[in-house]
Amino acid sequence: MGMGATENATSIVESAAAVEAAVPAGGSYALLQCGEDSEYVRKAYGGYFEVFRALLAEDGEQWRVFRAARGELPSEAEAAGFDGFVISGSCSDAHGYEPWILALVDLLCRLHDAGKRILGVCFGHQILCRALGGRTGRSSKGWDIGVNCIHPTAAAARLFAPLKLPVHMPVIEFHQDEVWELPPYAEVLARSEKTGVEMFRLGDRVMGVQGHPEYSKDILMSIADRLLRRNLILDCQVDVAKASFDVRQPDKDLWKKVCRGFLKGRLQEQQQQQVSVVVL
């Protein structure tokens, strides 16, 4: 990490003390939105910010959205006031070099150095990996669209022990890029037949999820129909996506517990309490 990033991370830490009194008791979180709202999601849900809030937000918390794809990112003082950050999906490539992507990479490095909790979803999963020293790119297996079962590793079973993870964790997928190489010291939390890194974590404060725990079937199909009209995917791929919902449904309740638990440090607290009980 360069000297500039280290100095900026220090500034974030120092600024946190100044805003601590203003942070609500329930916590304060920011969504870094990396794509524009589709017309369908805007009309049906009020935008992707509300879709993520439905998955992650709880009473007493404050949430704010930053339109990262438009170059809107939190200042150092603003970043210091948040307990955690969520990075959304995007139509852009995480391995791209657009100015806003490079600015996001720099911010994520500083947030990580400052010890902030970060959850990345799809593009967010990939850009988080890139920012922390990993590599991403196109999948050699092509698009993965529809409900897919991912399989937690032993590391995930330990991390999420309070949740007693099942062997199969159905989640909605919509991606053609993937993580090629993990950041140093990161570990895989889940795999699937098509994707080797469905989930990863780096320490106790950074986690990426390749799937879309926030999606519902109608959101997926609205995106698929739009890409189909633009000839970016094939009819057969849309058919496979539709049929996948007849085989299984995404376990949204489980994913809500997984994502909330990690983002808010709840799982680590439960594990510490269990250890304390054993010691006593």
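The structure contains an open sheet of nine strands with mixed pairing, in the order 2-1-3-4-11-10-9-6-7. Strands (E, at least two residues) and helices (H or I, at least four) are DSSP runs numbered from the N terminus, and two strands pair if DSSP finds at least two bridges between them. This is a predicted model, in which local features need pLDDT of at least 70 and side-chain atom pairs count only at pLDDT 80 or more, while totals for chains, interfaces and linings use all residues. Residues are numbered from 1 along each chain as its sequence is written, and side-chain values use heavy atoms, without hydrogens and water.

- Strand 1 (residues 28-33) runs parallel to strand 2 and is joined to it by six bridges.
- Within this pairing, S28 stands opposite Q62 in strand 2.

**Largest pocket**

- The largest pocket holds about 610 Å³ of space; on a 1 Å grid over the protein atoms alone, a pocket is an open set of points with protein on both sides within 12 Å along at least five of seven lines.
- Its lining comprises 30 residues, of which G89, S90, C91, S92 and F174 lie nearest the centre; lining residues have an atom within 4 Å of a point.
- Helix 3 (48-56), helix 6 (123-131), strand 7 and helix 8 (217-229) each supply at least two residues of this lining, and helix 8 gives the most, with three.
- By class, the pocket lining has 12 nonpolar, 11 polar and seven charged residues, with Gly counted as polar.

**Largest cavity**

- One cavity of 30 Å³ or more is found in the whole structure, a cavity being a set of points where a 1.4 Å probe fits but cannot get out.
- About 30 Å³ of space lies in the largest cavity.
- Strand 7 (169-175) and helix 10 (252-263) each supply at least two residues of its lining, which includes V171, I172, K252 and W255.

**Cysteines**

- The count of disulfides (pairs of cysteine sulfur atoms within 2.5 Å) is zero.

Key: Points joined across faces, edges and corners; volume = space filled by probe spheres on them.
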